[in-house]
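Please keep the sequence and the coordinates at hand while reading.

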Amino acid sequence: MQFGVFSVSDITRDPVSGETPSEAQRIDAIVQIARKTEEVGLDVFAIGEHHNPPFFSSSPTTLLSHIAALTERLIVTTATTLITTNDPVRIAEEYAMLQHLSKGRMDLMLGRGNTAPVYPWFGQDIRQGLPLALENYNLLHRLWREDVVDWEGKFRTPLQGFTSVPRPLDDVPPFVWHGSIRTPEIAEQAAFYGNGYFANNIFWPKEHYIRLIEFYRQRYAHYGHGTAKQAIVGLGGHVYLARNSQDAKKEFRPYFNAAPVYGNGPSMEDFMEMTPLSVGSPQEVIDKTLTFREYFGDYQRQLFLLDHAGLPLKTVLNQLDLLGEEVVPVLRKELAAKRDPEVADAPTHASLVKAKYGDKAPRQPRPNANRGDNVTGASPYQDSAPELEASYPAL
Amino acid sequence: MSTYKLVVVSAGTSDPSSTRLLADRVAQRVDALAGARGHSVALRVLDLRELAGEITTALVSQLTGPKLAAAVAALGEADGIVVSTPVYKAGASGLLTSFFQVLDNDLLIAKPVVLAATAGTARHALVVDDQLRGLFAYMRTTTVPTSLFASTEDWNDPALPKRIDRAAFELVLLMESGFAQRIRDESWNAYQHEFGSAGGTEVGIDLDSDMMRLATGGSAT
């Protein structure tokens with residue numbers, strides 16, 4: 001079981017101090033948060049992707065490769081990478097590069113993005129968001145698995161004889177999670193490919209995803225990747241911790257009330273009652289988090305939202321201390337004790353290498369010589385299958 | 001012969017409220033007329049005043065409180081519906097329109113509905129026909145032909161009970177025809193649904209669709 005944090009990268013005015021951090025301060029803070037995540041014994045750090053203020057994270061692989069360089073064990077990932085408005089070819093290239101630089105300590109989560117204006121900025125149409133996401137992933141999946149791809153689809157210019165470089169580390173594609181809370185087609189795609197399925201589990205009542213996770217598990221088994229219990233499920237959660245319950249509520253309430261996703265609507269207590277939001281003592285957060293397993297079954301990854309709504313860096317780092325010292329060790333123990341022995345761990349680069357090669361050495365692609373026109377001719381790598389004849393477009 | 005589930009939705013706010021009174025009189029006549037034809041009526045009243053907090057919560061967030069959830073379940077099972085609202089500022093009460101705006105688009109498909117409004121002046125008489133019918137057309141309900149409207153002077157006009165009788169009878173015949181149920185049984189998939197819509201009852205997933213083929217490695221058409 002992996003535990004970690006995810007950030008949406010919002011730059012929000014602190015409603016208590018009245019200060020709004022600069023982009024520079026917030027970007028610096030997120031690096032400290034990620035390092036602290038590893039320091040307190042958590043496993044995963046995830047960052048969102050946005051292309052408009054008040055968010056900073058437009059370039060997740062740049063940030064994540066920096067974080068990977070500063071850490072030893074931490075898995076860096078996204079929450080989410082936009083599979084709609086990014087070119088899947090660029091995703092294939094950038095995340096393969098991140099995979100090499102992090103020595104495999106990465107994966108990624110794909111999401112559609114629901115900020116309508118972002119789509120036209122990148123030449124897309126939100127009304128086509130679902131087919132766009134599905135088609136783009138179909139292509140991404142092939143780009144990481146086939147040395148040479150000929151491809152034609154509806155949304156992107158066709159590819160002829162295309163090789164995405166670098167090839168994935170050890171020729172093992174990064175593990176992919178599909179994030180969704182209401183779209184059966186995304187759950188189906190995750191199941192079809194044997195990928196992970198992630199429900200953000202924040203802001204919305206759990207009923208929204210209980211059915212979809214169940215559907216994903218059934219379809220995962222249907223496609224022969226393992227049993228329903230072995231399907232790879234990740235969940236989010238939003239917590240605010242203090243030593244005692246009253247302090248937690250008192251400290252968090254001004255941030256709750258000012259948060260665009262929470263404020264001016266139902267009370268914090270209503271949200272705690274009806275959604276996975278957990279504001280309280282370590283024991284209360286432990287108890288609430290343990291209910292997730294009861295609703296969704298044994299799962300492999302738990303990410304917490306901690307740095308949202310203008311909370312100052314110092315508070316976030318304190319939250320991480322409490323999470324690492326008092327919450328996660330108990331959750332690890334309790335969940336391990338309850339875990340069905342049939343359930344698989346979340347895939348890591350090491351486990352995927354082992355699954356693909358066993359004890360044999362992984363493939364290390366070496367390109368053929370430059371033909372003189374900056375391409376490698378009919379076959380891109382020295383060990384590419386001979387039948388892979390790339391046909392380049394005529395100039 | 002049959003037991004019809006009748007749900008009254010009233011946006012009246014005082015107690016007693018003339019809006020609720022108008023709805024109750026329709027419900028009584030539906031009960032009597034259905035009874036005369038050998039049916040019985042199980043009545044459920046939703047006083048939106050009691051749901052006001054949960055309705056505004058649902059408008060501004062994704063949260064559905066327990067009372068609102070129970071109201072949605074009752075409407076989802078209803079064979080007939082009576083909707084009654086006061087007129088404020090030449091329009092239906094915002095409480096009423098807010099309530100129907102937070103319901104799933106497919107919750108009320110084909111269900112027979114009596115529309116009624118009350119006002120302090122007869123000048124608001126067209127609110128039902130001009131404003132409410134549009135909302136209920138969007139919800140694809142079967143509104144009965146007779147609209148009900150009662151301003152102060154109507155309460156001692158013998159024409160009002162006659163109109164109530166007419167609307168109630170229209171509702172009984174529409175319930176008796178089984179129209180809404182047959183739409184549900186025979187034509188439900190011809191309407192647009194989303195996963196989890198129709199008050200959380202629409203949970204079937206069609207695997208045989210273009211989008212599902214695209215999800216599993218096919219190409220977009």
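How much space lies in the second largest pocket? The model is a predicted one, and in this model the second largest pocket holds about 1,400 Å³ of space.

**The largest cavity**

- Two cavities of 30 Å³ or more are present in the structure, and the largest cavity has a volume of about 60 Å³.
- The residues that line the largest cavity are I83(A), L110(A), G111(A), R112(A), A133(A), Y137(A), H178(A), G179(A), I186(A) and Q189(A), and the elements of chain A that give two or more residues to this lining are β5 (108-111), α5 (129-143), β8 (176-179) and α6 (184-193).
- Sorted by class, the lining of the largest cavity consists of five nonpolar residues, four polar residues and one charged residue.

**The second largest cavity**

- The second largest cavity contains about 40 Å³ of space, and its lining is formed by V5(A), F6(A), S7(A), I33(A), F45(A), L306(A), D307(A) and V316(A).
- Strand β1 (residues 2-7) of chain A contributes three residues, which is the largest share of the lining of this second largest cavity.
- Six nonpolar residues, one polar residue and one charged residue make up the lining of the second largest cavity.

**The sheet**

- In chain A, nine strands form an open sheet with parallel pairing, and their order is β3-β2-β1-β13-β10-β9-β8-β5-β4; the edge strands are β3 (75-78) and β4 (81-82) of chain A, each of which pairs on one side only.
- Helix α1 (residues 23-39) of chain A packs on the sheet, where it touches β1 and β2 (44-47) of chain A, and its direction makes about 155 degrees with that of β2(A).
- Strand β9 (residues 196-199) of chain A pairs with β10(A) in the parallel sense over three bridges, and F198(A) has G234(A) as its bridge partner in β10(A).

**Strand β13(A) and its neighbours**

- Strands β1(A) and β13(A) run parallel and are joined by five bridges, with L303(A) in β13(A) as the bridge partner of G4(A).
- Strand β10 (residues 233-235) of chain A also runs parallel to β13(A), to which two bridges join it, and the bridge partner of L235(A) in β13(A) is Q302(A).
- Is strand β13 (residues 301-305) of chain A buried or exposed? Five of its five residues are buried, so the strand is largely enclosed by the rest of the structure.
- In a regular strand, side chains alternate between the two faces of the sheet. In β13(A), R301(A), L303(A) and L305(A) point one way, whereas Q302(A) and F304(A) point the other way, and all of these residues are buried.

Key. Residues numbered from 1 in each chain as written. Chains lettered and ligands numbered in written order. Predicted model: local features only at pLDDT ≥ 70, side-chain atom pairs only at ≥ 80, totals over all residues. Heavy atoms only, no water. 1 Å grid on protein atoms, 1.4 Å probe; cavity = no way out; pocket = protein on both sides within 12 Å on 5 of 7 lines; lining within 4 Å. Points joined across faces, edges and corners; volume = space filled by probe spheres on them. Helix = DSSP H or I, 4+ residues; strand = E, 2+ residues; numbered from the N terminus. Nonpolar A, V, L, I, M, F, W, Y, C, P; charged D, E, K, R; others polar. Buried < 20%, exposed > 50% of the residue type's maximum accessible area, 1.4 Å probe, protein only. Pairing = 2+ DSSP bridges. Contact = heavy atoms within 4.5 Å. Axes fitted to C-alpha atoms, helices over the stretch in contact; angles between N-to-C directions.
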